[in-house]
Amino acid sequence: MAEFVRVDSSTSSHTMDKSITLPPDEIFRNLENAKRFAIDIGGSLTKLAYYSTVQHKVAKVRSFDHTSKEATNDNLYEISVQEEVTARLHFIKFENAYIETCLDFIKDHLVNTDTKVIKATGGGAHKFKELIERKLGLKVDKEDEMTCLIKGCNFVLRNIPHEAFVFAKHTESEYRFQTTQPDIFPYLLVNIGSGVSIVKVESEDKFERIGGSSIGGGTFWGLGALLTKTKRFDELLQLASKGQHTSVDMLVKDIYGGSYGSLGLTGDLIASSFGKSATADKEFSKEDMAKSLLHMISNDIGQLACLYAKMHNLSRVYFGGFFIRGHPVTMHTITYSINFFTKGEVQALFLRHEGYLGAIGAFLKGAEEDNPNQYSWGENYAGSSGLMSVSPDMNPMQRARSGTFPFDMLEMDRLERKLVNLPLLQDASSYIPDTVDLIEDAPAREYWLFCFEEALDGVVKRAVASQPDMPEAAERAEKFRQKYRHKLQTLRHQPFAYGSLTVRSLLDTREHCLNEFNFPDPYCKIKQQENDMALKYYQKAVKALDGLSWEQRQFALVRGVLAGNVFDWGAKAVSDVLESDPEFGFEQAKRQLEERPWLVDSYDQWFERLKGPPHKCALFFVDNSGVDIILGVMPFVRELLSRGTEVVLASNSSPALNDVTNGELQILTESIAAMDPVIQSSLEEDRLILVQSGSSSPCLDLSRLDKVLAMVVRERNIDLVIIEGMGRAIHTNYYAMLSCESLKMAVIKNSWLADRLGGKLFSVVFKYEVPITDHLSAALTP
């Protein structure tokens with residue numbers, strides 16, 4: 001256990017705080033494999049960044065060679081768990097009072113690094129230079145603070161989808177996260193430290209400080225200290241949150257007895273900050289003076305930001321710096337000011353990780369030879385503490401005693417492939433993957449949090465069963481349970497902790513926690529068994545379809561995809577059936593489907609479209625292993641190929657639930673091709689290709705797809721996109737608008753969701769959509 005000692009700067013005495021006696025792997029994780037460091041030291045907070053290599057287990061599949069005489073295994077493929085090394089960025093934030101103890105800890109555990117330099121930025125870098133060099137034995141190389149800040153801002157905006165948010169106090173969801181634009185430039189960054197710097201950012205390396213002010217956070221702190229005798233910044237905010245500025249400020253109605261209609265000024269508008277203090281013969285409370293001061297400075301900064309935004313025609317304005325620091329009271333006053341001066345045309349945007357921007361930028365400066373921007377990165381929810389609400393009623397010392405503040409962590413994993421937008425999105429800038437925002441929808445939030453917690457026992461059971469030869473698996477699975485349950489409890493109290501809270505984010509967080517404890521594919525054995533079983537029925541299923549008339553076959557193929565989609569181990573209603581009735585099969589699943597008309601039913605329109613010319617190329621985002629992919633999807637794909645349509649099958653790059661991965665699909669398709677000449681010839685002629693989606697989630701974000709897939713989409717001139725499954729077509733992408741025809745097919749396997757949508761368990765969603773432009777061109781064609 002690591003004991004972190006707080007150094008009181010006023011007395012230089014050491015006091016032990018047991019509330020922050022934490023396991024070292026919960027703070028400076030994987031420090032023994034750290035390769036490169038950077039540090040950002042501000043007036044009160046230190047942000048440390050380091051790069052490490054992380055060893056974790058990955059599930060690999062390899063086809064058995066059934067042609068050799070020695071082959072005795074009936075399984076189609078074998079599963080092996082291998083070690084893989086990936087890159088991870090760690091960012092840790094703590095009070096400067098803990099810096100010496102933290103440096104001692106880092107020195108003691110720094111064993112595998114050959115780095116000689118630590119990049120440093122921030123006003124405190126010079127102050128602590130000697131201490132850092134003495135403790136760590138590393139040379140401090142100071143970087144320009146503003147350059148680091150911009151580099152860090154670009155990095156988080158590009159790699160964290162819900163990094164930016166609007167703060168709306170007194171509403172159901174105070175944190176309203178914004179979808180990251182495909183092109184993050186240009187934007188205005190208003191950095192409020194001691195003073196204010198206003199920076200126009202036009203590209204990765206092009207930015208300009210276009211203005212600023214000496215009236216900033218230092219002004220609030222300094223004048224506040226003179227007025228209230230309060231020396232701590234957070235205590236000032238605490239006072240301000242309890243004050244009434246109208247006791248000190250002179251309002252329009254105090255001068256004119258009401259509003260000033262001819263000038264459009266309401267009576268409650270501040271006419272003069274601190275105006276009443278000149279004439280009133282009374283003492284003003286510390287709380288009221290702090291609140292008046294906060295409004296005065298926030299309004300001044302807000303007006304400046306608005307003027308510069310209008311002058312340079314910029315609509316995106318981000319606020320950061322020590323003055324903001326996630327405090328609701330400062331975010332509220334800045335938001336109010338921006339809304340007032342722009343009449344709601346410009347929104348004040350804040351960043352979840354604005355406190356880390358300098359450290360991230362300093363790290364990137366030190367890693368330029370590795371070109372980290374050539375990769376995509378993703379937040380590791382398992383190792384990040386998330387955005388916590390900073391109550392103004394709790395100062396830093398109180399937070400330290402309560403165990404809620406001293407250390408804050410962010411982890412970013414380097415992804416295997418570069419992620420980009422699907423080129424077929426009708427408007428990438430307005431695309432929102434998720435159908436329901438659980439931050440705004442409280443009843444849905446309560447249900448899904450309960451649902452995921454209730455499913456924990458089953459996930460733990462599957463995780464242990466997937467590694468029968470590893471005796472420590474049960475212990476690791478229990479640690480996973482504790483970690484994920486803690487995440488769910490955090491989200492109950494702070495739904496905004498990791499950005500937008502959705503079913504997708506809950507699923508992704510679970511996958512991250514499973515991987516954290518080396519359970520890369522808990523459903524691997526189930527997938528293997530179901531794939532082997534379904535393959536035995538493939539030829540029979542195809543023969544039955546070929547015996548139908550063309551009209552009957554089209555409906556049977558759709559019904560087959562829907563029935564196959566029932567086999568989803570991620571849905572409790574289905575997993576309960578599959579566990580209690582091992583004989584439950586494809587035909588039984590068909591009988592579970594509702595009869596037409598379905599809950600969402602565009603089949604007639606789809607059928608009419610099939611009477612027309614074939615599509616040039618279809619992109620099919622597939623879902624589950626076993627019956628779904630083999631008996632549902634593949635016959636449907638076979639029909640498209642027979643019509644003359646090329647097909648691109650996009651499957652997960654990494655495991656998630658019982659979803660088929662690209663590695664598994666390659667083996668399955670080869671096996672099907674050995675039985676089916678249509679599939680065989682299509683593979684040989686390159687009319688059927690298999691591509692990784694870049695996803696490791698049961699859901700689908702069309703703004704973060706493998707760059708290779710996007711390239712294939714362009715080269716093949718895709719004119720039909722098919723999205724299958726509840727996670728990909730209902731929890732996400734239900735409202736996604738594409739520039740080509742699309743088909744979304746799913747069976748609702750959750751009673752609560754079915755009831756909410758006006759259906760019942762196993763209701764069908766069959767949504768065929770044609771973009772408006774296609775309708776217009778068809779109408780205009782003579």
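The model is predicted: local features need pLDDT of at least 70, side-chain atom pairs count only at pLDDT 80 or more, and totals for chains, interfaces and linings use all residues. Residues are numbered from 1 along each chain as its sequence is written, and side-chain values use heavy atoms, with hydrogens and water left out. Helices (H or I, at least four residues) and strands (E, at least two) are DSSP runs, numbered from the N terminus. Two strands pair if DSSP finds at least two bridges between them.

- An open sheet of 7 strands runs in the order 9-8-16-15-10-11-12, with mixed pairing.
- Strand 9 (175–177) and strand 12 (207–213) are the edges; each has a single partner strand, so one side of each lacks a neighbour in the sheet.
- From one strand to the next, the twist averages 35°. Axes are lines fitted to C-alpha atoms, for helices over the stretch in contact, and angles run from 0 to 180 degrees between N-to-C directions.
- Strand 8 (residues 164–167) is antiparallel to strand 16 (residues 347–351), with 2 bridges. Phe-165 has Phe-350 of strand 16 as its bridge partner.
- Helix 8 (residues 328–342) packs on this sheet and touches strand 8, strand 9, strand 10 (187–192), strand 15 (316–320) and strand 16. Its direction makes about 155° with that of strand 16. Contact means heavy atoms within 4.5 Å.
- Strand 11 (residues 196–201) and strand 12 run antiparallel, joined by 6 bridges. Ile-198 is the bridge partner of Gly-211 in strand 12.

- Another open sheet has 7 strands in the order 20-27-26-25-21-22-23, and its pairing is mixed.
- Strand 20 (600–601) and strand 23 (688–692) are its edge strands, each pairing on one side only.
- Strand 26 (residues 741–747) and strand 27 (residues 764–769) share 6 bridges in the antiparallel sense. Ser-742 has Glu-769 of strand 27 as its bridge partner.
- Helix 22 (residues 662–673) lies across strand 22 (646–651) and strand 23, at about 160° to strand 23.
- Helix 24 (residues 707–716) also packs on the sheet, touching strand 21 (617–621), strand 22 and strand 23. Its direction makes about 150° with that of strand 23.

**Strand 18 and its partners**

- In strand 18 (residues 408–414), 6 of the 7 residues are buried. Buried means under 20% relative accessible area, exposed over 50%, partly exposed in between (1.4 Å probe, protein chains only).
- Strand 5 (residues 77–95) runs antiparallel to strand 18, with 6 bridges. Leu-89 has Met-412 of strand 18 as its bridge partner.
- Strand 17 (residues 377–379) pairs with strand 18 over 3 bridges, also antiparallel. Trp-377 stands opposite Arg-414.

**Second largest pocket**

- The second largest pocket holds about 850 Å³ of space. On a 1 Å grid over the protein atoms alone, a pocket is an open set of points with protein on both sides within 12 Å along at least five of seven lines, while a cavity is a set where a 1.4 Å probe fits but cannot get out; lining residues have an atom within 4 Å of a point.
- Its lining has 31 residues; closest to the centre are Tyr-537, Gly-585, Phe-586, Val-627 and Leu-631.
- Helix 15 (524–535) gives the most to this lining, with 5 residues.

**Cavities**

- The structure holds 3 cavities of 30 Å³ or more.
- The largest cavity has about 60 Å³ of space. Helix 21 gives the most to its lining, with 4 residues.
- The second largest cavity has about 40 Å³ of space. Its lining includes Val-542, Arg-553 and Glu-639.

**Two single residues**

- Lys-590 sits in helix 19 (residues 586–592). It counts as buried, at 17% relative accessibility. Beyond its neighbours within four places in sequence, Lys-590 contacts Arg-559 and Ala-563.
- Glu-130 sits in helix 2 (residues 129–136). It is exposed, with a relative accessible area of 61%. Glu-130 and Val-140 are 10 residues apart in sequence and 8.5 Å apart in space, C-alpha to C-alpha.

Note on methods
Points joined across faces, edges and corners; volume = space filled by probe spheres on them.
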